[in-house]
Amino acid sequence: MSELFENPRIKQILVKYRRIWALHHASSLMGWDNDVNMPKMGVAARGAAQAEISAMIHELTTSRDFVDLVESVDEDSLNDYERGVIRVLKRGIRIATSLPKEHVMEMSKVSSEAVHYWAEARQKNDFSIFRDYLQKIVELNMKSAEYLGYDEHPYDALLDLYEEGYTTRDYQRIFDSIESRLTRLLDRIISSGKFPQRHTLEELRYEEENMKRVNTEILKLFSFPLGERSRMDVSAHPFTVSIGTRNDVRITTRYELVDFRRSLLATVHEFGHALYELQIDPRIDMSPIGGGVSSGIHESQSRFWENVIGRSREFSSLILPILRENLNLRDIDEDSLYRYFNMVRRDFIRTEADEVTYNLHILLRFKMEKMLIAGEITADEAPEKWNEEFEALLGIVPDTYSEGILQDIHWSMGAIGYFPTYTLGTLLAVQIGEHARRDLGNFSDLVSSGNFDPVKKYLEEKVHRYGGTYAPKELLRRSFGEDVDPEYYIRYLEKKYL
Ligand code: MG
């Protein structure tokens with residue numbers, strides 16, 4: 001394997017970057033530990049230490065000599081990987097220098113308090129506890145948008161933070177083309193009764209150790225390198241983290257002791273995130289492009305494994321013996337299992353939504369964020385607007401704030417503009433799945449026989465190996481010859497559910 005970084009300036013930059021990388025490495029490990037291992041009382045000190053590390057990363061990234069070095073590079077003389085390094089670093093420098101230090105500190109102070117009040121508000125079903133914090137967070141995000149700059153809509157500046165290059169207009173185009181088709185499709189699917197709205201397996205209780213064996217067996221089917229380059233632990237909200245290198249990529253799952261598909265699909269989802277990091281070209285490991293490129297592309301990989309593979313009929317038949325052996329599933333056949341994984345129903349909670357309704361939940365959040373950031377509604381008016389839009393999209397109205405506007409943690413953490421990446425990911429998962437079907441030819445056979453190597457190889461070739469080399473749109477254009485196209489998703493749903 002030849003070296004990918006040859007340009008002497010780039011090599012110089014990478015030497016300097018190593019210190020920033022080491023801080024990211026430490027911070028990722030501390031974050032993982034915080035969510036997996038830490039005793040409760042340690043949280044405050046950990047938060048303070050993390051904030052210091054963030055400040056150090058900020059200082060190194062914006063230091064005069066580092067910025068000068070990055071800006072001195074003649075980009076015409078670079079190869080794609082080297083150009084990717086410069087793109088990623090310049091973007092980081094632009095964001096870090098646009099936002100004044102006091103603003104960043106205020107944002108982090110307000111959101112660390114807001115998370116606490118959000119949790120209390122949700123628990124007591126009392127929106128007024130969170131209302132003023134939401135308003136403050138919206139206003140701080142409006143300020144961020146002004147600092148960062150935008151062409152058309154202040155929301156653009158925020159969306160770009162989570163998905164480089166995607167704007168309000170891009171997402172509007174996506175949602176406009178799916179909104180009415182999804183609501184009609186949902187009506188047709190529910191009235192056809194082909195897919196159940198409830199399933200007896202939802203009530204089935206299990207022991208944690210049995211479910212852990214199921215998850216481990218499934219990860220073995222995927223040849224997940226447990227113990228070698230990865231681990232699986234337990235946390236309240238499942239997540240994946242790469243500890244600064246492709247050789248240490250960790251996932252978590254959860255065990256609620258009932259309704260096992262939640263634990264199973266969460267594990268498969270996180271495996272998809274992990275595989276992306278595990279298959280990045282080793283020659284760009286520990287460099288600025290040595291991680292997944294964006295939230296949306298990352299989510300396309302997790303959703304590929306969760307939805308395209310995990311919710312397929314072939315996968316149900318493949319894993320039925322594992323479930324029979326470890327859980328009490330004697331009376332369940334393959335068809336019943338498949339329907340359990342693919343129930344469709346109108347429900348309030350985004351994280352429990354099925355493939356058909358999921359993007360309607362995100363569309364609601366997109367509409368809300370866009371209005372809040374444009375100042376068209378205030379936090380005070382938000383719950384009523386939420387319920388109104390929810391009814392228009394899903395035909396039901398939540399009885400409580402906890403099942404409505406207070407269900408997600410994102411806004412309380414200061415993140416406005418993140419939700420749309422979930423839709424981008426779900427759509428792209430299907431789109432990439434269709435390309436894989438076409439290019440591999442025998443996709444169904446590969447899944448039903450548990451021969452995942454060609455599928456993994458395909459994702460490695462098309463997406464994973466590049467890490468952050470290409471911005472999302474450029475990656476899609478190069479590997480698939482197109483940008484995100486919602487038609488794939490609509491056709492997939494029609495074919496599967498009707
Ligand atoms: Mg995810």
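Asp160 is buried, with a relative accessible area of 16%. This value, like the others in this report, comes from a predicted model. Asp160 lies in helix α7, which spans residues 154-162.

## The partners of Asp160

The side chain of Asp160 meets that of Arg91 in a salt bridge, with an N to O distance of 2.8 Å. Arg91 belongs to helix α4 (residues 80-98), so this pair links distant parts of the chain, 69 residues apart. Arg91 is itself buried, because its relative accessible area of 18% falls under the 20% limit used for that class.

Asp160 also forms a salt bridge with Arg94, and here the closest N and O atoms are 3.4 Å apart. This pair again links distant parts of the chain: Arg94 is in helix α4 and Asp160 is in helix α7, 66 residues apart. Arg94 has a relative accessible area of 36% and is therefore classed as partly exposed.

## Other salt bridges

Side chains of opposite charge can pair when their charged atoms come close. The structure holds 47 salt bridges, and those of Asp160 with Arg91 and with Arg94 are among them.

Another salt bridge joins the side chains of Arg131 and Asp132, at 3.3 Å from N to O. Asp132 counts as exposed, because its relative accessibility is 53% and the exposed class begins over 50%. Arg131 is partly exposed, with a relative accessible area of 28%.

Salt bridges also link several residues into a network. The members of this network are Asp80, Arg83, Glu474, Arg477 and Arg478.

## The magnesium site

The model also contains a magnesium ion, coordinated at 2.3 Å. The donor atoms are NE2 of His269, NE2 of His273 and OE of Glu299. Along the sequence, these donor residues follow the spacing H-x3-H-x25-E. Within the site, His273 and Glu299 link distant parts of the chain, as they stand 26 residues apart. His273 lies in helix α10, which covers residues 261-278, and Glu299 lies in helix α11, which covers residues 295-309.

Both His273 and Glu299 are buried. Asp160, the residue with which this report began, is likewise buried.

How values were computed:
Residues numbered from 1 in each chain as written. Predicted model: local features only at pLDDT ≥ 70, side-chain atom pairs only at ≥ 80, totals over all residues. Heavy atoms only, no water. Donors = N, O, S within 2.8 Å, 3.2 Å for Na, K, Ca; no water. Helix = DSSP H or I, 4+ residues; strand = E, 2+ residues; numbered from the N terminus. Buried < 20%, exposed > 50% of the residue type's maximum accessible area, 1.4 Å probe, protein only. Salt bridge = Lys/Arg side-chain N within 4 Å of Asp/Glu carboxyl O.
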